[in-house]
Amino acid sequence: MTIETLFQIANSSVLLGWVALIFYPLNPLWADRAAVAVAVAHAALYTVLVALVFGRAEGGYTSLSLVMQLFDAEGVALAGWIHFLCFDLLVGIWITREARRNGLPHWLALICLLPCFLFGPAGFLLFVALRAGIGLRANTA
């Protein structure tokens, strides 16, 4: 299987998790399990890629130029992309769970899920700000 095929599979399949979060109110248990299963599958693919490609790639993490060099390798770039896909979905799962736990209407969570899907931390920040703005404390349980 080529790197491009793995990219297409990862990009397409992560959408299943996001769709589950969109329709969360219809069946929360199913939606939560489906989204987590998609995240686990992406985490597994990421882990395999890291095991296969990171030892052979040039570059490193101590400067921006070394990080850029590291991501010049296709396999490393794909692993990095899957890392983004997986963690953004995990943040989306957290947003959806927190909204439900705090009694927020699902439509408010949806407002945060789109920026989370596209821009990860921005969606997280929006949710935290929204939750603080309506006077809910962070649920640490």
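Predicted model: local features only at pLDDT ≥ 70, side-chain atom pairs only at ≥ 80, totals over all residues.
Residues are numbered from 1 along each chain as its sequence is written, and side-chain values use heavy atoms, with hydrogens and water left out.

Helix 6 covers residues 121–133, and its 13 residues reach 18 Å from the first C-alpha to the last, close to the 18 Å expected at 1.5 Å a residue, the expected span being 1.5 Å times one less than the number of residues. Within helix 6, G123, F127, L130 and R131 are buried, a word that stands for under 20% relative accessible area, with exposed for over 50% and partly exposed in between, using a 1.4 Å probe and protein chains only. Seen down the axis of helix 6, these buried residues fall within an arc of 95 degrees, so they line one face of the helix; the arc is that of the directions from the helix axis to the C-beta atoms. An α-helix has 3.6 residues a turn, so residues three or four places apart point the same way. On the other side of helix 6, P121, L125, A132 and G133 are exposed. The cover over the buried residues of helix 6 includes helix 4 (74–101) and helix 5 (106–119), where contact means heavy atoms within 4.5 Å.

Turning to the cysteines, the structure holds zero disulfides, a disulfide being a pair of cysteine sulfur atoms within 2.5 Å. C112 is in no disulfide, and the nearest cysteine sulfur, that of C116, is 8.6 Å away. C112 is buried, with a relative accessible area of 0%, and C116 also counts as buried at 0%.

Finally, about 270 Å³ of space lies in the largest pocket. Of the 15 residues that line this pocket, the closest to its centre are W81, F84, L85, D88 and F117. A pocket is an open set of points on a 1 Å grid over the protein atoms alone, where a 1.4 Å probe fits, with protein on both sides within 12 Å along at least five of seven lines, and lining residues have an atom within 4 Å of a point. The largest share of the lining, six residues, comes from helix 4.

Definitions and conventions. Helix = DSSP H or I, 4+ residues; strand = E, 2+ residues; numbered from the N terminus. Points joined across faces, edges and corners; volume = space filled by probe spheres on them.
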